[in-house]
Amino acid sequence: MRGLARFAAVLALVTGLAACDAQPTPQPSQSTIARIPEPEPKPSATRLVLDYAALDQHDPDRVLAFYSSALATADWLGAARVWGEGAGVDAKALERRYGQVESPTLLFGKGEAEGAAGSLYYEVTATLTDGSGAVLGKGTVTLRRVNGVPGATPSALRWHFAAGTPVI
């Protein structure tokens, strides 16, 4: 037993001495850590935010910009709100007309406002293009609004496409 105790003591001494000579295990520094490169953020498609407040404003150009944006984002219901009551144009009609066009864009010229019998009319040229810039149609559109006539409905007081305006 005495030999076994002596062996254990020698083993502990050798192990302790070896530990004194050992160098600490180096820890990787910030500069030696291999970093996996983070992926570059991919450009996201520009998402148009529709300006619904334009529908209640007295700015026909802003209404036309809303309409063009609604078509570009395939918001057929939003676009249909620009059409007046009884115009016969609803979300389904707009989807049938523009749904197959890649990135439909309506470009409007400079319009002119005219007044007649309590109403204002705003006539403007329009050009329909697709995502490649190809012209798909041209025409003239007319916005109309009632000009403060007593008893006029809220929808009549806002700019909307007049009946008979073509869907370009």
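Visitor: Which side chains does the 2.8 Å polar contact join?

Guide: The side chains of Ser 119 and Arg 144. Keep in mind that this is a predicted model.

Visitor: Okay, and where does Ser 119 sit?

Guide: Ser 119 is part of strand β3.

Visitor: Is Ser 119 buried or exposed?

Guide: Buried. Its relative accessible area is 5%, and buried means under 20%.

Visitor: What does Ser 119 touch, not counting residues up to four places away in sequence?

Guide: Ser 119 touches Glu 114, Arg 144, Arg 145, Val 146 and Asn 147. Arg 144 is the partner in that polar contact.

Visitor: Switching topic: how many aromatic pairs are there?

Guide: The count is four. One of them is Tyr 67 with Trp 83, an edge-to-face pair with 6.4 Å centre to centre and 70 degrees between the planes.

Visitor: Why say that this pair ties parts together?

Guide: Because Tyr 67 belongs to helix α2 (residues 60–72), while Trp 83 is in the loop between α3 (76–80) and α4 (91–98), so the pair links parts that are 16 residues apart in sequence.

Visitor: Are those two buried or exposed?

Guide: Tyr 67 is buried, at 2% relative accessible area. Trp 83 counts as buried too, at 5% relative accessibility.

Visitor: What other ring does Trp 83 pair with?

Guide: Phe 161. That pair is tilted, with 4.5 Å centre to centre and 40 degrees between the planes. Phe 161 lies in strand β5 (residues 160–161) and Trp 83 in the loop between α3 and α4, so here the parts tied together are 78 residues apart in sequence.

Visitor: Which residues form one aromatic cluster, then?

Guide: Tyr 67, Trp 83 and Phe 161.

Visitor: Now α4. Which residues are buried there?

Guide: Ala 91, Ala 93, Leu 94 and Tyr 98. Looking down the axis of α4, you'd find its buried residues within an arc of 160 degrees, so they line one face of the helix.

Visitor: What do the buried residues of α4 pack against?

Guide: They pack against α2, α3, β1 (105–108) and β3 (119–129).

Visitor: And which exposed residues are on the face turned away from the buried side?

Guide: Lys 92 and Arg 96. Lys 92 comes up again at the start of α4, where a side-chain oxygen of Asp 90 reaches to within 3.3 Å of the backbone nitrogen of Lys 92.

Visitor: Last one: what sits over the ring of Tyr 98?

Guide: The charged end of Arg 97, 5.4 Å from the ring's centre.

Conventions: Residues numbered from 1 in each chain as written. Predicted model: local features only at pLDDT ≥ 70, side-chain atom pairs only at ≥ 80, totals over all residues. Heavy atoms only, no water. Phe/Tyr/Trp six-rings, centres within 6.5 Å; stacked < 30°, edge-to-face > 60°. Helix = DSSP H or I, 4+ residues; strand = E, 2+ residues; numbered from the N terminus. Buried < 20%, exposed > 50% of the residue type's maximum accessible area, 1.4 Å probe, protein only. Lys NZ or Arg CZ within 6 Å of the ring centre and 35° of its normal. Arc of directions from axis to C-beta. Contact = heavy atoms within 4.5 Å. Polar contact = N/O pair within 3.5 Å; in protein donor to acceptor, adjacent residues only side chain to side chain.
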